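These are my notebook entries on one structure. I went through loops, helices, salt bridges and the surface, in that order.

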Amino acid sequence: FGLFVLTFIFGIGYLVFYPGMGNFAGSLAWTSDRQMQENIDANQAKLESLYASFRDKSLTALAADPAAIKVGRNVFANNCAACHGSDARGAKGYPNLVDNDWLYGGDPDTVLASIMNGRHGLMPPMGATLPGNGVAEVAQYTLSLSGLDHESKLAAAGKSKFESICAACHGADGKGNHALGAPNLTDAIWLHGESTAQGISNTILHGTSGVMPPWGPIIGEDRARLAAAWIIAQATAAEESEREDAAHTGASP
């Protein structure tokens, strides 16, 4: 009975201070919206202080700053890992960001521009421009560019077709074009997993399309710069590791 009385008294006190009786807002005028906004504002004030400490540094300097890298990793994990993976090594159709194979270039400003503004890569279907056995021939020639197993006769026939049709984007040497986002076809790195004659033929016939949405409006420039710095740091570390492995084995990196 005593507990019931205390609960009753508490209920009356609650309704004096907080909303609960019709239009009466309570003496504190408390609302969940206002409390949420206060929490957001307090969190933003903390973040503003954090980001301000990184704002005057270049991307190269941020990539060498352990504190910036720690924050950048969290930004990447919260916003980018769903597509590129938590280790930034990508997946089929999603670029690996640490292998130094860049569709649009890997300098700091370009990496930031990709995050802020997004990218839209398009490989149009080319089957109509390669009648007869043209698709198979170009596919075999593409395999030869990466040093993969191929049929020499078909590849030789596909060379002229590649140079007249595909070189406009991929270059006569097949090394790609950063201005267009055209992949390098000579490094055995395949964004869509086309490392077989059938896979390459399907890409030539049907084309591919990939969209990297613009994250600038979503996360803002401060977060984007820190994410870019983390990516650059991972790519640099991976490159150094590759060089060390090559030095140990005596192979060229």
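This is a predicted model: local features need pLDDT of at least 70, side-chain atom pairs count only at pLDDT 80 or more; totals for chains, interfaces and linings use all residues.

Entry 1, Lys175. I looked up the contacts of Lys175 (heavy atoms within 4.5 Å), leaving aside neighbours within four places in sequence, and found His170, Pro183, Asn184 and Thr186. Lys175 sits in the loop between α8 and α9 (197–206). I took helices and strands as DSSP runs, numbered from the N terminus: H or I of at least four residues for helices, E of at least two for strands. I also checked Lys175 against Trp30: they are 145 residues apart in sequence, and their C-alpha atoms are 63 Å apart in space.

Residues are numbered from 1 along each chain as its sequence is written, and side-chain values use heavy atoms, with hydrogens and water left out.

How far does α8 span between its end C-alpha atoms? The helix covers residues 152–170 and spans only 21 Å, whereas a straight helix of 19 residues would span 27 Å at 1.5 Å a residue. The expected span is 1.5 Å times one less than the number of residues. I then looked for a bend, taken as the angle between axes fitted to the seven residues ending at a position and the seven starting there. There is a kink of about 50° in α8, centred on Phe162.

Phe162 is also among the buried residues of α8, with Leu154, Ala155, Gly158, Cys166, Ala167 and His170. Buried means under 20% relative accessible area, exposed over 50%, and partly exposed in between (1.4 Å probe, protein chains only). The buried residues of α8 pack against β1 (119–123) and α7 (134–145). After α8 comes Gly171, with a positive phi near 85°.

Thr142 belongs to helix α7. Is Thr142 buried or exposed? Its relative accessible area is 5%, so Thr142 is buried. Not counting residues up to four places away in sequence, Thr142 touches Phe162, Leu185, Trp190 and Ile200. I note that Phe162 is where the α8 kink is centred, and that Ile200 is one of the buried residues of α9.

The buried residues of α9 are Gly199, Ile200, Ser201, Thr203 and Ile204. They pack against β1, α7 and β2 (208–212). Just after α9, Gly207 has a positive phi of about 75°.

I searched the whole structure for a side-chain nitrogen of Lys or Arg within 4 Å of a carboxyl oxygen of Asp or Glu. How many salt bridges does the search find? It finds seven.

Lys161 pairs with Glu137, with their closest N and O atoms 2.8 Å apart. Lys161 is in helix α8 and Glu137 in helix α7, so this pair ties together parts that are 24 residues apart in sequence. Lys161 is partly exposed at 26% relative accessibility, while Glu137 is buried at 12%.

Asp65 and Lys57 form another salt bridge, with 2.6 Å between the closest N and O atoms. Asp65 is buried, with a relative accessible area of 13%, and Lys57 is partly exposed at 33%.

Arg55 and Glu48 make a salt bridge with closest N and O atoms 2.9 Å apart. Arg55 is partly exposed at 34%, and so is Glu48 at 40%. A network of salt bridges links Glu48, Arg55 and Asp222.

Asp107 is in the loop between α5 (81–84) and α6 (108–117). At 37% relative accessibility, Asp107 is partly exposed. Asp107 and Leu122 are 15 residues apart in sequence, with their C-alpha atoms 22 Å apart in space.

I looked for patches, made of residues with over 30% relative accessible area and no salt bridge: like charges are joined within 9 Å, and nonpolar side chains (Val, Leu, Ile, Met, Phe, Trp, Tyr) within 5 Å. Areas come from the Shrake-Rupley method with a 1.4 Å probe, and for residues only the protein chains shown count as cover. Which residues form a nonpolar patch on the surface? Phe1, Phe4, Val5, Leu6, Phe8, Ile9, Ile12, Val16, Phe17 and Leu28 do, with about 1,100 Å² of accessible area together. Val16 lies in helix α1 (residues 2–17) and is partly exposed at 41% relative accessibility.
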